[in-house]
Amino acid sequence: MLTGRRYRLELSVEQAMLAETFGSICRTVWNVGLEQQREYRRHGRSIGYVEQCRQMAEAKADFPWFAEAPSHVLQQVLRDLEGACRRHGPFRVRWRSQRRWAPSMRFPDGKLIRVERVSRNVGRARLPKLGWVRFRWSRPLGGEVRAATVSRDGGKWYIAFRVDTPEKETTVSLERGRVGIDRGVVQAVVTSDGRMFDRAFMTPGETERHRRLSRQLQRRRTGSARWHATADAIVVLQARVRRRRADFNAKTARNLVTGCALLVLEDLNVRAMTASAAGTAERPGTGVARKRGLNRSIRDKGWFALELACRSAARTTGTVIRKVNPAYTSQTCPRCRNVDKNSRESQAVFACTSCGYREHADVVGAKNTLAAGLGGYRTWRPPVVGRVCEASTARERPAARLPRPRESSEAVGPTRRRPSKGVLDSRRHPGQLPLW
Ligand SMILES: [Zn+2]
């Protein structure tokens with residue numbers, strides 16, 4: 001199984017400058033290659049990876065600085081570019097600007113990379129043209145190195161190895177059985193069995209510092225030395241927040257999938273949910289500032305990254321991940337199935353207007369998500385992946401003749417008629433046109 005292992009690099013000053021140069025050359029190759037792809041498309045033709053590689057080799061005669069970077073790294077850039085253009089079309093692929101794009105380069109040939117452990121906490125890797133680079137041996141490598149990516153993030157350099165780890169036999173455990181989760185703003189994750197996961201990614205002091213630095217940046221003259229100093233301080237702060245979020249997502253995902261056979265998520269369209277409410281100059285939206293605050297909270301929680309982390313963690317546990325339509329999951333009573341938006345007593349409390357069932361509102365959402373994921377059958381069974389450990393508390397009947405519900409990643413939901421998302425959207429934010 002291919003897995004990523006990321007380590008903090010400790011480059012010497014010369015190596016950092018060299019890596020910076022490699023990054024610039026990769027950026028140039030990407031931008032020139034992209035312009036070429038676009039030019040061909042404008043004339044109704046297309047150019048492939050092989051032809052672009054050949055032309056790049058020829059160009060090295062005129063631009064000798066091209067040859068400073070390892071050629072298979074540059075070829076990898078063109079291969080990535082071709083993939084991006086094929087998926088999105090050359091006009092939707094972005095330029096890599098020096099300001100916005102942090103240098104990142106992949107050494108695609110594992111045979112040219114040697115990795116050694118120097119001491120308990122230090123390892124070193126030999127990379128073409130970069131030489132031996134030291135890194136913090138913060139976790140075991142656990143397999144054969146297939147490729148390496150060197151990148152800079154928040155002023156620090158990292159190396160990520162693509163490692164081929166031996167395939168473990170996955171064991172689907174029903175210890176916690178089937179879990180539905182509700183992703184929210186107040187609590188990042190709430191499960192159907194009542195567990196809650198949340199963490200603040202920025203301390204109050206850091207929030208204040210971020211606000212002060214942002215204001216300071218606006219006062220500085222763009223591009224000046226002092227502007228760069230402030231911008232660097234912001235980058236460092238934001239990178240710390242990003243690392244905390246990634247850490248939270250990885251740990252939460254591991255916690256969620258462990259001992260869980262089926263994990264049901266709401267199929268959230270985060271991009272549509274966080275669309276700006278600003279509207280246009282002719283038809284300005286209402287509640288713009290409030291919506292902007294909500295959008296920031298949603299993005300701050302990193303919902304999509306959590307889903308990715310769950311999928312990644314599920315590869316080792318055999319957990320099946322399904323996504324369901326989230327419509328009405330917060331308004332439906334899990335006991336009597338009564339749908340009423342007045343059942344939401346407050347943000348946190350759900351009290352059914354029909355049967356009086358009371359529960360934490362997010363837990364209700366998670367329970368309904370799970371019910372939708374089970375597809376109406378209480379007897380969902382994991383597909384046969386390895387061994388199945390039945391917990392003694394499992395109260396399910398055997399799934400003898402029931403049709404198997406649809407598999408992961410497709411949305412299953414209530415079959416009841418409901419207004420389309422676009423209608424809901426435009427009603428809530430009058431200035432905003434529905435996205436579909
Ligand atoms: Zn009820």
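Let me begin with a definition: two residues are in contact if their C-beta atoms, placed from the backbone, lie within 7 Å. The model I am presenting is predicted; local features need pLDDT of at least 70, side-chain atom pairs count only at pLDDT 80 or more, and totals for chains, interfaces and linings use all residues. Residues are numbered from 1 along each chain as its sequence is written.

I turn to the overall composition. The secondary structure comes to 10 helices and 17 strands, where helices (H or I, at least four residues) and strands (E, at least two) are DSSP runs numbered from the N terminus. Of the 436 residues in the protein, 26% are buried. A residue counts as buried if 20 or more other C-beta atoms lie within 10 Å of its own, as exposed if 12 or fewer do, and as partly exposed in between, with C-beta atoms placed from the backbone. Among contacts between residues at least 6 apart in sequence, 67% join residues at least 24 apart.

Next, the sheet. Seven strands form an open sheet in the order β2-β6-β7-β1-β5-β4-β3, with antiparallel pairing; two strands pair if DSSP finds at least two bridges between them. Because β2 (104–107) and β3 (114–117) stand at the edges, each with a single partner strand, one side of each is left without a neighbour in the sheet. From one strand to the next, the twist averages 30°. Angles here run from 0 to 180 degrees between N-to-C directions, and axes are lines fitted to C-alpha atoms, for helices over the stretch in contact.

Strand β7 (residues 156–164) is joined to β1 (residues 2–10) by seven bridges, the two running antiparallel, and Thr3 stands opposite Val163 in β7. With β6 (residues 144–153), β7 pairs in the antiparallel sense over nine bridges; there, Val150 stands opposite Ile159. Two residues lie between the strands in the hairpin of β6 and β7, where Gly154 takes a positive phi near 60°.

I now come to the helices. Helix α3 (residues 71–88) has 18 residues and reaches 26 Å between its first and last C-alpha, close to the 26 Å expected at 1.5 Å a residue; the expected span is 1.5 Å times one less than the number of residues. Its buried residues, among them Val73, Leu74, Leu81 and Cys85, pack against α1 (13–42), α2 (49–62) and β2. Just after α3, Gly89 takes a positive phi of about 85°.

Helices α2 and α3 pack at an angle of about 145°, with their axes 10 Å apart. Tyr49, Gln52, Cys53 and Met56 of α2 make the contact with Leu74, Gln75, Leu78, Arg79 and Glu82 of α3.

Finally, helix α5 (residues 225–257): its 33 residues should span 48 Å at 1.5 Å a residue, which agrees with the 48 Å between its end C-alpha atoms. Phe248, Asn249, Thr252, Ala253, Leu256 and Val257 are the buried residues of α5, and what covers them includes β9 (177–183), β10 (189–191), β11 (196–197), β12 (260–266) and α8 (303–317).
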